[in-house]
Amino acid sequence: MGRSKTAVGRETAKGGRTRGKRSLWRTLRRRVLQLLLVLILLPPVLTIVYSVVPPISTLMLARYVQFLWVDRQWVPLEEISPHLARSVITSEDSGFCSNDGVEWDALQDQVEALSEGERPRGASTITMQTAKNLFLWGERSYIRKALELPLALMLDAILSKERVLEIYLNIAEWGEGIFGAEAAAQAWFGKSAKDLSRVEAARLATALPNPLGRNPARPSAGHRRLAATNLARVRSAGPIFGCVPGN
């Protein structure tokens with residue numbers, strides 16, 4: 001005896017729903033893969049663009065989205081005092097001119113400290129900080145740190161040392177809404193970044209770990225000691241500034 005039209009209709013509807021679900025999952029999977037591909041390709045594409053175009057940091061972008069004030073005046077590396085470049089390298093990444101974007105020995109030390117239950121500190125290079133500022137978020141996490149490594153290697157492979165340093169000095173935060181060496185020099189010392197003295201450069205460089213809590217124009221006693229130490233290290237650094245114009 002043949003099946004009723006109602007039974008056939010139910011089976012057809014069920015088959016249609018199954019095919020619809022499969023189609024939805026295929027579409028969703030395709031969209032996820034496309035998104036992952038974009039996320040993978042976007043950093044190198046942007047890095048190539050940033051080799052000639054002044055970039056903005058994710059923190060600057062977040063402030064723009066929130067309609068918060070941003071002061072950033074892009075200037076080429078040649079118009080930033082070599083004193084500041086040297087002080088920043090000494091303070092943040094003494095191996096900058098010779099490493100590949102990552103200080104592997106320092107990173108290994110921090111991994112070992114973490115495995116022993118100690119709190120890891122440091123190990124971020126200027127290139128890693130540039131990668132973070134360009135592509136990642138500000139809050140500390142192991143996920144962010146893990147993402148910094150391949151991004152730093154990519155930046156070092158695509159960009160020259162001079163360009164990485166130029167970008168970093170133009171996007172680093174030096175106060176609430178103050179980004180880059182030129183804006184910082186104007187805000188804190190009333191002068192252009194190219195005219196910064198050794199002392200002023202040391203104070204700006206040692207403010208970077210805590211840009212919202214340290215005032216380069218009126219440094220605390222502790223900040224003064226850090227700047228003095230930085231000055232002494234710059235004077236005794238030797239040939240570590242080979243990638244700084246005018247050195």
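A: Lys191 is partly exposed, at a relative accessible area of 26%; here buried means under 20% relative accessible area, exposed over 50%, and partly exposed in between (1.4 Å probe, protein chains only). The model is predicted, so local features need pLDDT of at least 70 and side-chain atom pairs count only at pLDDT 80 or more, while totals for chains, interfaces and linings use all residues. Residues are numbered from 1 along each chain as its sequence is written, and side-chain values use heavy atoms, with hydrogens and water left out.

The partner of Lys191 is Glu200: the two form a salt bridge, with 3.1 Å between the closest N and O atoms. A salt bridge is a side-chain nitrogen of Lys or Arg within 4 Å of a carboxyl oxygen of Asp or Glu. Side chains of opposite charge can pair when their charged atoms come close. By this rule the count comes to 6 salt bridges.

Glu200 is one of the buried residues of helix 9, along with Ala201, Ala202, Arg203, Leu204 and Ala205. Helix 9 spans residues 198–205 and is mostly covered, with 6 of its 8 residues buried. Helices are DSSP runs (H or I, at least four residues), numbered from the N terminus. The cover over the buried residues of helix 9 includes helix 3 (82–92), helix 8 (181–189) and helix 10 (221–235).

Terms used:
Helices (H or I, at least four residues) and strands (E, at least two) are DSSP runs, numbered from the N terminus. Contact means heavy atoms within 4.5 Å.
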